[in-house]
Amino acid sequence: MGRSGTRLGANVKNFILCAAAGAFLAAMFSAASAEDIPGPDQQEAKKAFGAVKAPVAQAPQAIGRYEHGCIAGAQSIAANGAGWQTMRLSRNRFWGHPILIGYIQRLASDVRRLDGLPGILVGDMGQPIGGPLLGGHASHQMGLDVDLWYTLMPERALLADEREHLAADNMVDKVALTTDTKMWTEAQARLLRRAASYPEVARIFVHPAVKKTLCEIAGNDRSWLKKIRPWSGHDDHFHIRLICPQGSPACVSQAPVSANDDGCGQELDDWFKKLRAPPPTRKRTVQPAKPMLVSDLPKECQALLLAAENAAKEKDAWTPN
């Protein structure tokens, strides 16, 4: 074989070696990429659930715990109703279990009919299938939580831009740690008392200063006070939480409060000690919390997320370009 044959053989050999090396590198890159891409159950839960835009058509069911769950068959509350208006519509957090929708509608009707109030402004409820939210709340995950503003509903329908940017009235004087007499009125007290009066309510969370004011004005009938508990924040809204509804066997309710505990004693005192404590002289280094993964949630929630994602893909496939 001549020189040309030798060169041809060397070229073929080099080509084979390069191809083999390329295949090896491609396999290594593919394996590394596969390791870098988390599986569905290893996704950060708040990002996965926050990306879902619509509920799954299933029987309504609250699943898990308030801060660790989801909601199947969620329903949305209307932007406007008889005695309510829904705020921050762009967040898509106006979903909940039918029992929550019914509660809001009944409360809105009763405060107008029985308490002479114009109506309520509805804040955050939950996402279309619940689950962890991208920001603002640790709970609100299984369709049984709602934030209502202390600000009462105006007589006119709010514009879309107002619903997004109108600020809720702050009811607390942060210096005196009391309710602000320029903002707080008997109307807010009547609203809270009515909100706590229904048997399906498990808790209502308010700022400690609001709780203290309620304790002072409650009068002889203090039975409604026990469900209203002090909690940090909650100075421009209050947080209502319902018990687990029937037909939700995987739902875990919050333990009921003692019949003899109106929340005006040691618990409230402890909150004011925290609020009045001087700030620490040295800042502590706090390690960021490990993000909740989809795999950390109940299996029913993982299956619900998959069903929602598949439904979205099918809808996109049928949507004309």
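Ala, Val, Leu, Ile, Met, Phe, Trp, Tyr, Cys and Pro count here as nonpolar, Asp, Glu, Lys and Arg as charged, and the others, Gly among them, as polar. By these classes, the lining of the largest cavity has 2 nonpolar, 2 polar and 4 charged residues. The model is predicted: local features need pLDDT of at least 70 and side-chain atom pairs count only at pLDDT 80 or more, while totals for chains, interfaces and linings use all residues. Residues are numbered from 1 along each chain as its sequence is written, and side-chain values use heavy atoms, with hydrogens and water left out.

The protein chain has 8 helices and 13 strands; these are DSSP runs numbered from the N terminus, with helices (H or I) of at least four residues and strands (E) of at least two. Of its 321 residues, 42% are buried, where buried means under 20% relative accessible area, exposed means over 50%, and partly exposed lies in between (1.4 Å probe, protein chains only). Among contacts (heavy atoms within 4.5 Å) with a separation of 6 or more, 78% join residues 24 or more positions apart.

The cavity mentioned above came from a search of the whole structure, which finds 1 cavity of 30 Å³ or more. On a 1 Å grid over the protein atoms alone, a cavity is a set of points where a 1.4 Å probe fits but cannot get out; a pocket is an open set with protein on both sides within 12 Å along at least five of seven lines, and lining residues have an atom within 4 Å of a point. Grid points are joined across faces, edges and corners, and a volume is the space filled by probe spheres set on the points. The largest cavity holds about 30 Å³ of space, and Thr86, Met87, Arg88, Arg91, Arg93, Phe94, Gly123 and Asp124 line it.

One of these lining residues, Arg88, sits in the loop between strand 5 (84-86) and strand 6 (95-96). Its phi is near 50°, a positive value in a residue other than glycine, and Arg88 is buried at a relative accessible area of 16%. Asn92 belongs to the loop between strand 5 and strand 6 as well. Asn92 is not a glycine either, yet has a positive phi of about 55°, and with a relative accessible area of 18% it is buried.

Turning to the open spaces, the largest pocket has a volume of about 290 Å³. It is lined by 17 residues, of which Ala138, Ser139, Trp231, His234 and His239 are the closest to its centre. Strand 13 (residues 237-242) gives the largest share of this lining, 3 residues. By class, the pocket lining has 3 nonpolar, 9 polar and 5 charged residues.

Aromatic rings come next. The structure holds 6 aromatic pairs; rings of Phe, Tyr and Trp (its six-membered ring) pair if their centres lie within 6.5 Å, and planes under 30 degrees apart count as stacked, over 60 as edge-to-face and the rest as tilted. Tyr150 and Trp184 make an edge-to-face pair, 6.2 Å centre to centre with 70° between the planes. Tyr150 lies in the loop between strand 8 (145-149) and helix 4 (160-165) and Trp184 in the loop between strand 10 (178-179) and helix 5 (186-195), so the pair ties together parts that are 34 residues apart in sequence. Both Tyr150 and Trp184 are buried, and together with Phe238 they form one aromatic cluster.

Charges also meet rings. A charge sits over a ring if NZ of Lys or CZ of Arg is within 6 Å of the ring centre and within 35 degrees of the ring normal. The charged end of Arg241 is placed in this way over Tyr66, 4.3 Å from the ring centre, and that of Lys274 over Trp271, 4.5 Å from the ring centre.

Helix 6 (residues 208-217) has 7 of its 10 residues buried, so it is largely enclosed by the rest of the structure. Its buried residues pack against strand 9 (172-173), strand 10, helix 5, strand 11 (201-206), strand 12 (228-230) and helix 7 (266-276). Thr213, one of the buried residues of helix 6, has 11% relative accessibility. Leaving aside neighbours within four places in sequence, Thr213 is in contact with Thr179 and Trp184. Just after helix 6, Gly219 takes a positive phi of about 80°.
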